Amino acid sequence: QVQLVESGGGLVQAGGSLRLSCKLSGRTLSDYAMGWFRQAPGKEREFVAAISLSGHMKYYVDSVKGRFTISRDNAKNMVSLQMNNLKDEDTAVYYCAAGATVSTGWAKTYYWGQGTQVTVSS
């Protein structure tokens, strides 16, 4: 059974930092590109960041560039999202995804995590 389990969400003040982690079980992380998405109340789920199979290519939505960093540790079957200088608009449920990328970014999702809440207070 394939599972993606996120952790690290919580409540943080604006300007603060959080680090989200996602562990894949039932599959080998190195077989997938990995991504993070988020969904704020009343809004559609949106792409946040992705990292290619090799880890050499990283993709970010414009609103998080320079503040968020995605990384992967294939030996631990984990992907992380370091979020710095958090803003109110970053408040959302964050979802980890295993899938595929192309040269222009995220292409396909095979598996989703259950999500973790990130709340930024001003």
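Reply: A disulfide joins cysteine 22 to cysteine 96, with 2.1 Å from S to S. The term covers a pair of cysteine sulfur atoms within 2.5 Å. The structure holds one disulfide. The torsion about the S-S bond of cysteine 22 and cysteine 96 is about -85°, so the disulfide is left-handed. Cysteine 22 lies in strand S3 (residues 18–25) and cysteine 96 in strand S9 (residues 92–102), so the pair ties together parts that are 74 residues apart in sequence. Strands here are DSSP runs of E, at least two residues, numbered from the N terminus. Both cysteine 22 and cysteine 96 are buried. Buried means under 20% relative accessible area, exposed over 50%, and partly exposed in between (1.4 Å probe, protein chains only).

A word on the source. This is a predicted model, in which local features need pLDDT of at least 70, side-chain atom pairs count only at pLDDT 80 or more, and totals for chains, interfaces and linings use all residues. Residues are numbered from 1 along each chain as its sequence is written, and side-chain values use heavy atoms, with hydrogens and water left out.

Six aromatic pairs are counted in the structure. Rings of Phe, Tyr and Trp (its six-membered ring) pair if their centres lie within 6.5 Å; planes under 30 degrees apart count as stacked, over 60 as edge-to-face and the rest as tilted. Tyrosine 95 and tryptophan 112 make an edge-to-face pair, 6.5 Å centre to centre and 85° between the planes. Tyrosine 95 is buried, at 13% relative accessible area. Tryptophan 112 is partly exposed, at 38%. Ring pairs link Phe37, Phe47, Tyr95, Trp106 and Trp112 into a cluster.

Arginine 45 lies over the face of tyrosine 95, 3.7 Å from the ring centre. The charged end of arginine 45 also sits over the ring of tryptophan 112, 4.4 Å from its centre. The rule asks for NZ of Lys or CZ of Arg within 6 Å of the ring centre and within 35 degrees of the ring normal.

Now the hairpins. Strands S4 (residues 33–39) and S5 (residues 46–51) run antiparallel, joined by five bridges. Two strands pair if DSSP finds at least two bridges between them. Arginine 38 has glutamate 46 in S5 as its bridge partner. Six residues separate S4 and S5 in their hairpin, where glycine 42 takes a positive phi near 80°. S5 also pairs with strand S6 (residues 58–60), antiparallel, over three bridges.

Note on methods. Helix = DSSP H or I, 4+ residues; strand = E, 2+ residues; numbered from the N terminus.
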